[in-house]
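Colleague: May we go through this model together, one question at a time?

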Amino acid sequence: MKNTVLTMQNSKKDGTKISMLTAYDYSTAKLIDEAGINAILVGDSLGNVMLGYENTLAVTMEDMIHHGAAVARGAKNAMVVIDMPFMSYQTSVYDAVVNAGRLVKEAGANAVKLEGGLEVCPQITAIVNAGIPVMAHLGLTPQSINAFGGFKVQGKTAEKAQKLLDDARAVEKAGAFALVLECIPSKLAERITKELTIPTIGIGAGSECDGQVLVYQDMLGMFSDFTPKFVKKYTSVGEAMKEAFKAYHEEINNGSFPCEEHTYYIDSKVVDGLK
Ligand code: KIV
């Protein structure tokens, strides 16, 4: 059955945890979907893990639509949430609604995600009023990397923790159906989770959140540029891929690939008779 905003709301009520992973292409989305993960995030982290940028700032609406549509085609049961890229909603409420609409119409998003607190509440309300569910995102919000001065744990002082709690209350009031909490102390995430009626999805925010999200290349051990402390590597797919690529290279060179089972045949008289 398709996971929806109702699944998320019910999970919060009955205490069932929500699982979410990123995906950026059809084949991966299909595998994640078949594994029974509740939601897929087409994160703008695609700038890092798919496109090789240093951060997410260069990611465009066209990138998100292109990858988002591929994921939506592969996700039968998982809810598909697509990130609104940098400068697709910060500029105005009008831009926010138009661009959220494009992610639904052109990519097939079930919901959109955007970063920020009080300052983006008018955008959240306007998008929700247009009939599009919004997932909010607080804490280490990568689109503000230049303002933060680097990837650091957020909300550690009393003042910053209070601001995060106030922002969490504000995005809920503005109409967000869920909230991603990234890279904040677990006690603060627990306090926010207990107070809000919408589910919190943690990434580096401890175990008391209502759900968890990870970038799939991180949890599969496929991305080695940097690995935050909060990542658990469930396997080493990157190493397995490298081994397979090496074996392929060697077999091409030593003539053992392709062999009989990978080869198509024709009566040699046909070839011999060619003029
Ligand atoms: O872009 C992304 O993948 C994200 C997650 C890290 C939450 O926003």
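Colleague: Which residues form one aromatic cluster?

Modeller: This is a predicted model, in which local features need pLDDT of at least 70, side-chain atom pairs count only at pLDDT 80 or more, and totals for chains, interfaces and linings use all residues. Residues are numbered from 1 along each chain as its sequence is written, and side-chain values use heavy atoms, with hydrogens and water left out. Rings of Phe, Tyr and Trp (its six-membered ring) pair if their centres lie within 6.5 Å; planes under 30 degrees apart are stacked, over 60 edge-to-face, and the rest tilted. One aromatic cluster is formed by Phe151, Phe223 and Phe226.

Colleague: What kind of aromatic pair do Phe223 and Phe226 form?

Modeller: The search of the whole structure finds four aromatic pairs. For Phe223 and Phe226, the rings lie 5.9 Å centre to centre, with 85° between the planes, and the pair is edge-to-face.

Colleague: Is Phe223 buried or exposed?

Modeller: Buried means under 20% relative accessible area, exposed over 50%, and partly exposed in between (1.4 Å probe, protein chains only). Phe226, at 40%, is partly exposed. Because its relative accessibility is 10%, Phe223 counts as buried.

Colleague: Which side chain has a polar atom 2.5 Å from an oxygen atom of the ligand?

Modeller: A polar contact is a pair of N or O atoms within 3.5 Å; within protein, one must be able to donate a hydrogen and the other to accept it, and residues adjacent in sequence count only if both atoms are side-chain atoms. Polar side-chain atoms lie 3.1 Å from a ligand oxygen in Asp44 and 2.9 Å from one in Lys113. The side chain at 2.5 Å belongs to Ser45.
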